[in-house]
Amino acid sequence: MRIDHGLLPGHVLQRTATGASATITGTTDGPCTCPITATVRRGAKPLPGFSGKRIGQAGEGRFTVVLKGLPTGGPYTVELQCGAERAVVREILVGDLWLMAGQSNMEGVGNLCDATEPHPLVRNFAMRREWEIAQDPLHYLAESPDRAHGGGTGQDAKAVVRAKKLAIKGAGVGVHFGKLMHARTKVPQGLIATAHGGTSMAQWNPALKDQGGDSLYGSMRLSLQAVGQPVAGMLWYQGCSDTGPEQVAVYTRKMEELVAAVRQSLGQPKLPWVIVQIGRWTDGGTADPVGWHAIREQQRLLPSRISACDVVSAVDLELDDGIHIAATAYAALAQRMARVAARLVHRDRAERPAIQPRSLRYRDPKPPFGPAIDIEFANVVGGLGSTGLPQGLVVVGQDGRPQGAIYKTVLTGSRATIYLSGNYLPGSRVMYGCGFNPVCNLADARGMGVPAFGPLPVNGQPGISRWFGCWKVTPIRPGEDLAGMACPDPADPSAVERRFNEGNGFVNLHPEWEGRSGHVAFHGHVEASEAMPAEIRFGYDGPIRLWVDGREVHTDLRGTNPAIPDAKRIPFALAPGRHYLSVLMALNGGRAWGFFLRMGRKLAKGQDGDGVALPVPWE
């Protein structure tokens, strides 16, 4: 009597409220037609109700029987009997099954010297489709019989075993996860290994299922069919291979299709998915990370598109090479995944979803601090914290480039407040985890990391233009009494175009003015696409006068140090078109350095400066 399918040595069966079931097929040595009975033992003693229990009938040398109601726990020995024939299967466990799929960081490429110890009640359904005690490497592609994983080429089985024993890479998240879930539930755990490094969503396409072992999706289905069980949940980590423009455009849709297909294939329409957001890549070099950002952001938002799904962060975790999570860091990742799984699968009310940014709001300056942005996060447990100074939040301009505007980050409960220097530009966005290889270290008290996000818009931004950093500047001229001077001529041929690249918008001429006297004229212009109520924001450290289109709008003959950005706000109705600005500034005996100037649009109550037409300085 031989069992062909449904109950293998070391098999983990998925527990249910009515016990586990296994549909078992096989053959008998002769054309037996007698009843088939099952005896299930824990140790030497049969389980109550499972001593010679009739579970089906053999016919013409074949049988398909169903063993039902097996209680959670084990290990059990199952003995099937048909007349004088017997088949014995040992080490049967009943607990929770987890399907692992995706690319290399689910496969596991951590250093095996740092791999975690195995646990006798955590098992792995290996790529060769046999059960084993879960021990890294869980995914050993050369063991697979399927061509999608490089199998089916007649490789020497003994050589594969030898190579696996000599492997130095292959530690992953699975064993950690299984041990954590066993500690939580006190029941056996089974892992099903199907991941393959470097693979894309196109390779996991459910439409390729009919290719069987020639496709990744088909190979995964073959493993599930060999296990013959429902699963508690799906563990998915993939995305690095889908950061090109064409793949980014369809990533969310492809994920929705994959989730739906797996759920339909298993007959589990609410199968929970635990997804890991892609982390860091140290070798991105000068490539544009926009696609990397886009995949992270789409992954972060998957729970809003897919039911019974949550996404955990990996952007703050240590690596064992340029792109792969370190074996020592998988413990932290597994803890995040286990918390999410406990909530989604076991309805653990003590667990919250993964952290998500909830709102971003601009806050006007409050002395002694500059302007700030408050970032509120949902699902924070015990407050946000960091090891050392908080790292990872970045302000980016509309071109996606970091501005370097943050000088302080303060964490308070579920809020991160970033304080901004003068080079913050309205219309900017905020990111966490900008670039391929960011430094990120924000997490809550349970160890759940803040996900990479953005760029996200900021609510409540003022309608302020960029700094005026391009001017035509005259040489120093005699005289510091500006009171009797006329508006300088914009067509003055001695004025030379100059660009001031101070990061904070300061038009700084101190190196040229120090120890000297006299005055200097500046000429610039601003464009307005529409009529708007505006204000000129002015700050300076010497005597000064300002004209717009030849009309004087501000005079301060006692101006002195320090120059404070936006210290003076001058209302001004800005008509459509180009407007010319002229500035006269006295050197104040060499004590003056320069000025700040930008324009703002006065906003209606509740109006946001992001997206409205603003004055555009000469560049």
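Where is the place of Asp-549? Select Asp-549 and you will find the residue in the loop between strand S33 (544-548) and S34. Keep in mind, as you look around, that this is a predicted model.

**Stop 1: two residues with positive phi**

Stay on Asp-549 for a moment. Its phi is near 50°, a positive value in a residue other than glycine. Asp-549 counts as partly exposed because its relative accessible area is 44%, which falls between the 20% and 50% cut-offs.

Now select Arg-129, in the loop between S11 and S12. Arg-129 is not a glycine either, yet its phi is positive, at about 65°. Its relative accessible area is 17%, under the 20% limit, so Arg-129 is buried.

**Stop 2: two cis peptide bonds**

Next, select Asp-136 and Pro-137 together. The peptide bond that joins them is cis, with omega at about 0°. Pro-137 belongs to the loop between strand S12 (131-133) and helix H2 (157-166).

For another cis bond, jump to Asn-561 and Pro-562, where omega is near 0°. Here the proline, Pro-562, sits in the loop between strand S34 (551-556) and strand S35 (568-574).

**Stop 3: a covered strand**

Select residues 189-193, which make up strand S14. How many of the five residues of S14 are buried? Five of the five are, so the strand is mostly covered under the 20% cut-off for buried residues.

In a regular strand, side chains alternate between the two faces of the sheet. In S14, Gln-189, Leu-191 and Ala-193 are on one side, while Gly-190 and Ile-192 are on the other, and all of them are buried.

Strand S9 (residues 85-102) runs parallel to S14, joined to it by five bridges. Strand S11 (residues 122-125) also pairs with S14 in the parallel sense, over four bridges. Colour Gly-190 to see a link to each partner: Leu-97 is bridged to Gly-190, and Arg-123 stands opposite Gly-190 as well.

**Stop 4: a buried aspartate**

Select Asp-310, found in strand S17 (residues 309-312). Is Asp-310 buried or exposed? Its relative accessibility is 3%, so Asp-310 counts as buried.

Show the side chain and look for its polar partners. A polar contact of 3.2 Å links the side chain of Asp-310 to the side chain of Arg-343. A polar atom of the Asp-310 side chain also lies 2.9 Å from the backbone nitrogen of Ala-354.

**Stop 5: the largest pocket**

Select Leu-425, Ser-465, Arg-466, Trp-467 and Glu-619, the lining residues that lie nearest the centre of the largest pocket. The volume of this pocket is about 800 Å³. Its lining has 36 residues: 16 nonpolar, 13 polar and seven charged.

**Stop 6: the second largest pocket**

Finish with Tyr-362, Pro-365, Arg-537, Asp-566 and Arg-569, which lie nearest the centre of the second largest pocket. This pocket holds about 600 Å³ of space, and 31 residues line it. By class, they are 16 nonpolar, eight polar and seven charged.

Which strand gives the largest share of this lining? Colour S37 to see it, as three of the residues come from there. Strands S27 (463-464), S32 (532-540) and S37 (594-601) each supply at least two lining residues.

Notes. Residues numbered from 1 in each chain as written. Predicted model: local features only at pLDDT ≥ 70, side-chain atom pairs only at ≥ 80, totals over all residues. Heavy atoms only, no water. 1 Å grid on protein atoms, 1.4 Å probe; cavity = no way out; pocket = protein on both sides within 12 Å on 5 of 7 lines; lining within 4 Å. Points joined across faces, edges and corners; volume = space filled by probe spheres on them. Nonpolar A, V, L, I, M, F, W, Y, C, P; charged D, E, K, R; others polar. Buried < 20%, exposed > 50% of the residue type's maximum accessible area, 1.4 Å probe, protein only. Polar contact = N/O pair within 3.5 Å; in protein donor to acceptor, adjacent residues only side chain to side chain. Pairing = 2+ DSSP bridges.
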